[in-house]
Amino acid sequence: TLKDIKKGNDYLKKYMGTFKAGTETAQYHFSVYMIGMNSYNTMVAEIEAKGLKTKIKELNAYAASCSDVEKYLVQTIKAPAQKWTEDAFYNLGIYYIYKGEKAKAKETIEKLIATYPQSTKIEDYKGVLNNAIAKMK
C-alpha cells in the first residue's frame with residue numbers, strides 16, 4: 001500500500017542517517033535511489049487515483065508538491081554511476097514532465113541519451129524527447 005511505501009522510505013532515511021559524510025557506500029546510494037523511486041511511484045499512483053492526468057494545472061501543482069522525487073533522484077544521478085542510475089535519469093525526466101518544467105525535462109532526457117547512448121531503451125528515450133517534451137507548452 002502507499003502507506004507501507006511511505007513507511008519504508010522513513011526506514012531508509014533512518015538507515016542513511018547512520019553514515020558519516022564521505023563514508024557512503026553503494027547500499028547508501030541504493031537507498032537514496034529507492035526513496036526517489038518509491039516517491040515517484042507513489043506520486044504516479046496518486047495522480048491516477050485523483051484523475052489528474054488531463055488536468056494539467058492540477059497535475060503540475062501536485063507533482064511540484066512531491067519534492068522527494070526530485071531531491072532523491074537528483075542525488076542518485078550525482079552519485080557515482082550505478083546500475084540504477086539510468087532509470088533515475090529517465091524517471092527524473094518524466095517527473096519534470098509531470099511538473100510542467102519543459103526545460104528541465106528536455107535537459108534531463110538529453111543528458112540521459114548522451115550518457116547512455118548504447119542503452120537498449122534509447123529509442124524510448126528519444127521518443128519522450130521528440131514527442132512528450134516537444135509537445136509541452
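Student: Let us start with asparagine 9. Is it buried or exposed?

Tutor: Asparagine 9 is buried, as its relative accessible area is 7% and the cut-off for buried is under 20%. Please keep in mind that this is a predicted model.

Student: Where does asparagine 9 lie?

Tutor: Asparagine 9 belongs to helix H1, which covers residues 2-16.

Student: And what does its side chain make a polar contact with?

Tutor: The partner is the side chain of asparagine 38, at 2.9 Å.

Student: Which other residues is asparagine 9 in contact with?

Tutor: If neighbours within four places in sequence are left aside, asparagine 9 contacts Met34, Ile35 and Ser39, as well as Asn38.

Student: Now the nonpolar core. How many residues are in the largest one?

Tutor: The largest nonpolar core has 32 residues, and Tyr40, Met43, Tyr95 and Tyr98 have the most contacts inside it. At least two residues of this core come from each of helices H2 (26-50), H3 (56-64), H4 (67-78), H5 (85-99), H6 (102-115) and H7 (122-133).

Student: Which helix gives the most?

Tutor: That is H5, which gives eight residues to this core. As a general point, nonpolar side chains in soluble globular proteins tend to be buried together.

Student: You named Tyr98. What does tyrosine 98 touch?

Tutor: Not counting residues up to four places away in sequence, tyrosine 98 touches Tyr40, Met43, Val44, Ile47, Lys53, Leu59, Asn60 and Ala63.

Student: Let us turn to H6. Which of its residues are buried?

Tutor: The buried residues of H6 are Ala105, Thr108, Ile109, Leu112 and Ile113. Around the axis they cover an arc of only 135°, so they are on the same side of H6.

Student: What covers them?

Tutor: The cover over the buried residues of H6 includes H5 and H7.

Student: Which exposed residues are on the face turned away?

Tutor: Ala103, Glu107, Lys111 and Ala114 are the exposed residues carried by the face of H6 turned away from its buried side.

Student: What span should H6 have, and how far apart are its ends?

Tutor: H6 has 14 residues, which at 1.5 Å a residue should span 20 Å. The end C-alpha atoms of H6 are 20 Å apart, which agrees.

Student: Then H7. Which residues are buried there?

Tutor: In H7 the buried residues are Ile122, Tyr125, Val128, Leu129 and Ile133. Viewed down the axis of H7, they fall within an arc of 120°, so they line one face of the helix. They pack against H5 and H6, while the face of H7 turned away from the buried side carries the exposed residues Glu123, Asp124 and Asn130.

Student: A new topic: how many aromatic pairs does the structure hold?

Tutor: There are eight aromatic pairs in the structure. One of them joins phenylalanine 30 and tyrosine 33: the ring centres are 5.9 Å apart and the planes stand at 40°, so the pair is tilted.

Student: How are those two placed in the helix?

Tutor: Phenylalanine 30 and tyrosine 33 are three residues apart in helix H2, so about one helical turn separates them. Phenylalanine 30 is partly exposed, with a relative accessible area of 35%, whereas tyrosine 33 counts as buried at 9%.

Student: Which pair do tyrosine 90 and tyrosine 125 form?

Tutor: They form a tilted aromatic pair, with 5.5 Å centre to centre and 35° between the planes. This pair links distant parts of the chain, since tyrosine 90 is in helix H5 and tyrosine 125 is in helix H7, 35 residues apart. Tyrosine 90 counts as partly exposed at 26% relative accessibility, and tyrosine 125 counts as buried at 2%.

Student: And which residues form an aromatic cluster?

Tutor: Tyr15, Phe19 and Tyr28 form one aromatic cluster.

Student: Finally, threonine 76. Is it buried or exposed?

Tutor: Threonine 76, found in helix H4, is buried, with a relative accessible area of 2%.

Student: Which residues is threonine 76 in contact with?

Tutor: Beyond its neighbours within four places in sequence, threonine 76 is in contact with Val32, Tyr33, Trp84, Thr85 and Ala88. A polar atom of the threonine 76 side chain lies 3.5 Å from the backbone nitrogen of tyrosine 33.

Conventions
Residues are numbered from 1 along each chain as its sequence is written. This is a predicted model: local features need pLDDT of at least 70, side-chain atom pairs count only at pLDDT 80 or more; totals for chains, interfaces and linings use all residues. Side-chain values use heavy atoms; hydrogens and water are left out. A nonpolar core is a set of buried Ala, Val, Leu, Ile, Met, Phe, Trp, Tyr and Cys residues joined through side-chain atoms within 4.5 Å. Buried means under 20% relative accessible area, exposed over 50%, partly exposed in between (1.4 Å probe, protein chains only). Helices (H or I, at least four residues) and strands (E, at least two) are DSSP runs, numbered from the N terminus. Contact means heavy atoms within 4.5 Å. A polar contact is a pair of N or O atoms within 3.5 Å; within protein, one must be able to donate a hydrogen and the other to accept it, and residues adjacent in sequence count only if both atoms are side-chain atoms. The expected span of a helix is 1.5 Å times one less than its number of residues. The arc is that of the directions from the helix axis to the C-beta atoms. Rings of Phe, Tyr and Trp (its six-membered ring) pair if their centres lie within 6.5 Å; planes under 30 degrees apart count as stacked, over 60 as edge-to-face and the rest as tilted.
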